[in-house]
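Reader: I'd like to learn how to read a few features of this model with you. Can we go through them one at a time?

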Amino acid sequence: MINELLDVFNALTTMQLVVLGVAVFIWLLRFLYLLFFPLRLVLNKKLSNAESGNASLSVLMVVRNEEENCRETVPRLLDLESSDMEVVVVDDFSQDNTLSVLGVLKQRYPRLKISSLSQETRYSEKLSQNIALKSAEKDWVVLYPVNAKHPASEWLNNLSIKNDESVNVKLAYTTVVEEKKRFNKFYRIENFFQQIRSAAYSLNGLAFVYNEDNVAFRKAEYFRLGGFGTKVQEPYANLELVINRFIKKRNVELCLNEECTIKKEVSVGRTEFMDLMRKSIRIEKHLSKFKRFVLQLDRLTQTLYPLLIALAALLVFNLWPVLLGLIVVKLLVFMLIIKILQKRLNERKLFITSLVFSLIMPFYKLFFRWHFNRKSKNQKWKNTV
């Protein structure tokens, strides 16, 4: 068998050798990416055994027309066993009884602080977050969505930092509650891959976040940079823009386990799924040049890999055992990583769909990214006319 393969290899033309060489090179890049990025998350024991801290946190919420969620979520947080935690809620000009509900809760819970925007304002979510950060008394803050389910009993302690002055950011996982809807599953898969990518890059010195929820950070870092500054008009993204300016490999800690995870009870459709991808594009535009380059290289090799393997198989069909072996090895490693991480984060019933999604979506995203960037440029040009 080996001699036959060697004979076939020796008989290859220059073009066949070039295509085969490029295909194997791209395979090697993708395989090394698996080993040095997502596999590091699997092997990093700190992710599943996070040390409990002192739970000294200001939990921030920005709400608008959320009276029912406020009745349920705010008491859940304030009932957590912690004497050194406060909840700061800013009402973003609600038209229902949200502010009244918060006022009643304030009488029951002294650790609850409330504020509000008194009128409709552009970029109101960023302004509300700024108000919440100014009102927070603790050194550490974390943004908590008002539509989140009851957190795990150890969520607060696991998310806290224990006497480590070198850490400025602690990342945890956020997802949405499972529903038997197509776009709910698409959203959860895309969200899973985004946050795994963010965590894996952070372990390799290219730290950034795609999601502001459930990310604890030192409040002083936000004000040191002057808050949102010129990024206050940026669409889709909010606190991620500021966090990505001060998050570094040496000051970030990961908490990727079920105890740190929060799940939002929200109905997800096509619009929310598209907005999730639009948000990731806008966030990446504000990263450093080197981070953008690595992300672009990642996307490029991910797109080229199946095309080049297929082309090599067509041109050098007699070497199919070698190509099949490469595909199987990479696929098995990828499946093992995905299975372990989804189990660790309690992302159920996504495994098979994730495999198909990871194969098809790079091609769809290539078109989506081009279309979105083109549309954004046209809109920017119209606004300047």
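## Reading the features

Reader: What does 32% relative accessibility make Arg64 count as?

Author: At 32%, Arg64 counts as partly exposed. The scale goes like this: buried is under 20% relative accessible area, exposed is over 50%, and partly exposed is in between, with a 1.4 Å probe and protein chains only. The areas come from the Shrake-Rupley method with that 1.4 Å probe, and for residues only the protein chains shown count as cover. One caution: this is a predicted model, where local features need pLDDT of at least 70 and side-chain atom pairs count only at pLDDT 80 or more, while totals for chains, interfaces and linings use all residues. Residues are numbered from 1 along each chain as its sequence is written, and side-chain values use heavy atoms, leaving out hydrogens and water.

Reader: Which residue forms a salt bridge with Arg64?

Author: First the idea: a salt bridge is a side-chain nitrogen of Lys or Arg within 4 Å of a carboxyl oxygen of Asp or Glu. Here the partner is Asp92, with the closest N and O atoms 3.4 Å apart. Asp92 sits in strand 2 (residues 85–92) and Arg64 in the loop between strand 1 and helix 4, so the pair ties together parts 28 residues apart in sequence. Helices (H or I, at least four residues) and strands (E, at least two) are DSSP runs, numbered from the N terminus. Asp92 is buried, at 5%.

Reader: How many salt bridges does a search of the whole structure find?

Author: It finds 18. Take Arg30 and Asp298, whose closest N and O atoms are 2.6 Å apart. Arg30 lies in helix 2 (residues 14–36) and Asp298 in helix 12 (residues 289–315), so this pair links parts 268 residues apart in sequence. Arg30 is buried at 8% relative accessibility, and Asp298 is buried at 8% too. Then there's Glu234 with Arg282, also 2.6 Å between the closest N and O atoms. Glu234 is in the loop between helix 9 (219–224) and helix 10 (239–246), and Arg282 is in helix 11 (residues 270–285), so they connect parts 48 residues apart. Both Glu234 and Arg282 are buried. Glu67, Glu68 and Arg71, meanwhile, are linked in a network of salt bridges.

Reader: Which residues gather in a patch of negative charge on the surface?

Author: Patches use residues with over 30% relative accessible area and no salt bridge; like charges are joined within 9 Å, and nonpolar side chains (Val, Leu, Ile, Met, Phe, Trp, Tyr) within 5 Å. Lys and Arg count as positive, Asp and Glu as negative, with His and the chain ends not counted. A charge is placed at NZ of Lys, CZ of Arg, CG of Asp or CD of Glu. In this case the patch holds Glu81, Glu154, Glu258 and Glu259. Glu258 is in the loop between strand 8 (252–255) and strand 9 (262–264), and at 39% it is partly exposed.

Reader: And positive phi: which residue takes one just after helix 8?

Author: That's Gly205, at about 80 degrees. Asn65 has a positive phi too, about 55 degrees, although it isn't a glycine. Asn214, likewise not a glycine, has phi near 65 degrees. Asn214 lies in the loop between helix 8 and strand 7 (215–218) and is buried at 0%. As for helix 8 itself, 19 of its 22 residues are buried, so it is largely enclosed by the rest of the structure.
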